[in-house]
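Hi,

Here is the structure I promised to send over. Have a look at it first, and then read on for what turned up.

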Amino acid sequence: MLGEGILKGLAETAKNFAGSFVSEDRLTTVEYPEQRLLPIENTRDFPFLVYDGEDPEAGLRCVSCQICEKECPPKCIYIVKSTDKKPDYVGKPQFYPARFDIDISVCMSCQICVEVCPFEAIKMDTEFELSTDDRFGGLILDKHKLAKSNEHFQRIHPTEAAEVDARLAEEKEKVEAKAKAAAEAAAAKSAAEAAARKADAGSAGSNAEGVKP
Amino acid sequence: MSDLAIRSYLPPVIEVESQDELLEVAMGPHHPSTHGVFRMDVALDGERVVRLKPVFGYLHRNHEKIAEKTTYLASMPYTDRLDYFCSMTNNWAYALAVEKLAGIEVPERAEYLRVITAELTRIQNHASAIGFLLQEMGASGTPLMYAFREREKILDLFESLSGSRMMCNYMRFGGCRVDLPADWLDAAKLVVAGLPRFIDEIEALLTSNEILMARSQGVGILKPDLAVNAGVTGVMLRATGVNYDLRKVDHYGIYDRFSFRVPLGEHGDIYDRYMLRVLEMRESVKILEQAIPQLPDGPILDPKSKPRGFRPKPGEAYGRIEAPKGELGFYLISDGTGNPYRYRVRPPSLINLTILEDMCLGQNVADVVLIFGSVDIVLGEVDR
Ligand code: SF4
Ligand code: SF4
């Protein structure tokens, strides 16, 4: 019968329309911004710089190695390296970025900076309500706007942050263990040297022509 | 080529009484049906199309030259922006070309992940293509919204896997970037289990719809020999009855392990293309149903591949896959440095669009919109 297909289609739409009153999963939209969907954990949009501790300036993990600047596909990172050094999370003196800008009107949220950074210093944020009426300055994020705490990172990407924290803790442990071992070795060496000197002095006392160390 | 073959792919001759009577219309670049910026200069004799000249290039972004000036890895996120409906398959084609160039092996688990993401991509692409086609037919909204409802579920899966809905940037040379999040596979199973119902729904809505049949059957016919000569691939080619699917022809990835069929058309008209997309979605669901339970454990990235300082040996390679729109290929020449010496994309959208005039000649001007929609293009890929 002519029109049968159309009727069949209409029945389908009617089913969907009526179904939306009874079944939750037929209602597929939410009324943003009053309603919001749950965030998806791996979501990324723009990068931010991670800092440890309280002070965003002192705790910045970035050592200004400029790898991300070089690898960023659209070249939207701009870094000026510091001339002096400050201690990093394991206490080793490192350079820090005197200036670190990301132009998020150019950034394509590709996450390559995160992948290439050897210091876990740059991660992806989930903040998306960034529109501004400032055409030029408003979309260039500087070091202060980019710096966000590790707690923020743990909150937005819990799984990834846990992995990163574990890796960093392990590294720190290794460094500390090495430092401790070095310190112990140094102490043992100096103790041994002192003992040797004492022994030397003792022998020197009995034998004034003793071999000089 | 024989004289016969040449004549068969020349456009049919339309007798026009007088050239002065023709009306020249520029459809586009901002025509609602063009899905972007694309112009068709159409010459009309009354309602009939006498001449049609496609004008490309409004969205040209210099993709190939940029890729030659940057590292191999840095081109990966740019490939997302070619056909922005199908970033997973774009990634795969590029990764395949680089893997061929540098001789990198892909671990088992990564191969499965690639198949799973690529087939999900195919489903959402075909669903939206059907939606857009119906939109152009005047069914304003309903089929498209149904398609987008389903696409949204797949995009959510992509987001929780790769971090982004459309610009996934997921594949790497020698595998994939990240492993599946904890409950991803269960969510994927749920989505895949819901897909047959969705495809049934689309079919109930459209397949036997008299308006769709009247508007699409026998319209925009493409002949198999012209399709082959013009290099048309994908659904467009298979709708003419030519059995050519790279998943079966090239045996790339691990497609040999799955049983699926390649649906073929008969008439090469718009209706066949619609029907083929529906059937291909069903086959993709079949592949997914086989691949998801088989997913093995193991690494997802070749341990030898590294993100920085990638320098393949001098040489050249062409990697191609069956993308949802047709044969997507990347041709790379390496001169041993960190940048490709030559980087070339074989875009299925552009090549499928080159025969637009041949399909439109003699048709009504209202059908041009439909024929154009049935090719299923994305202008990011046409213009690159
Ligand atoms: S963010 Fe990482 S890669 Fe970039 S300069 Fe800082 S330490 Fe280096
Ligand atoms: S996300 Fe990509 S584009 Fe944005 S700053 Fe990082 S590397 Fe550059």
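Chain A has an open sheet of three strands in the order 2-5-7, with antiparallel pairing; helices (H or I, at least four residues) and strands (E, at least two) are DSSP runs, numbered from the N terminus, and two strands pair if DSSP finds at least two bridges between them. The edges are strand 2 (77-81) and strand 7 (140-141) of chain A, each of which pairs on one side only. Five bridges hold strand 2 of chain A against strand 5 (residues 97-103) of chain A, in the antiparallel sense. One pair to click on is Val80(A), whose bridge partner in strand 5 of chain A is Arg99(A).

Before you go further, some housekeeping. This is a predicted model, in which local features need pLDDT of at least 70 and side-chain atom pairs count only at pLDDT 80 or more, while totals for chains, interfaces and linings use all residues. Residues are numbered from 1 along each chain as its sequence is written, chains are lettered from A and ligands numbered from 1 in the order in which they are written, and side-chain values use heavy atoms, with hydrogens and water left out.

Now the ligands. Ligand 1 is surrounded by Cys62(A), Val63(A), Ser64(A), Cys65(A), Gln66(A), Cys68(A), Ile79(A), Cys117(A), Phe119(A), Ala121(A) and Ile122(A) (a residue counts if one of its heavy atoms lies within 4 Å of the molecule). That shell divides into nine nonpolar, two polar and no charged residues. For the classes, Ala, Val, Leu, Ile, Met, Phe, Trp, Tyr, Cys and Pro count as nonpolar, Asp, Glu, Lys and Arg as charged, and the others, Gly among them, as polar. Ligand 2 has 13 residues around it, the closest being Cys72(A), Cys107(A), Met108(A), Cys110(A) and Cys113(A). Its shell has eleven nonpolar residues, two polar and no charged.

Over in chain B, Cys168(B) is in no disulfide, and the nearest cysteine sulfur, that of Cys86(B), is 10 Å away. Cys168(B) counts as buried because its relative accessibility is 0%, where buried means under 20% relative accessible area, exposed over 50%, and partly exposed in between (1.4 Å probe, protein chains only). Cys113(A) counts as buried too, at 8%.

The search runs on a 1 Å grid over the protein atoms alone: a pocket is an open set of points where a 1.4 Å probe fits, with protein on both sides within 12 Å along at least five of seven lines, and lining residues have an atom within 4 Å of a point. Of its 15 lining residues, the closest to the centre are Leu134(B), Ala139(B), Leu205(B), Leu206(B) and Asn209(B). The largest share of the lining, four residues, comes from helix 1 of chain A. That lining divides into ten nonpolar, five polar and no charged residues.

Chain B has a run of paired strands worth a look. Strand 6 (residues 315-323) and strand 7 of chain B run antiparallel, joined by nine bridges, and form a hairpin with two residues between them. Ile321(B) has Leu328(B) as its bridge partner in strand 7 of chain B. Strand 7 of chain B also pairs with strand 8 (residues 340-346) of chain B, antiparallel over six bridges. Strand 7 (residues 326-334) of chain B has seven of its nine residues buried, so it is largely enclosed by the rest of the structure.

A cis peptide bond joins Tyr32(A) and Pro33(A), with omega about 5 degrees. Asn169(B) has a positive phi of about 50 degrees although it is not a glycine, and counts as buried at 0% relative accessibility. Asn62(B) does likewise with a positive phi of about 65 degrees, but is partly exposed at 39%.

Cheers

Note on methods: Disulfide = S-S within 2.5 Å.
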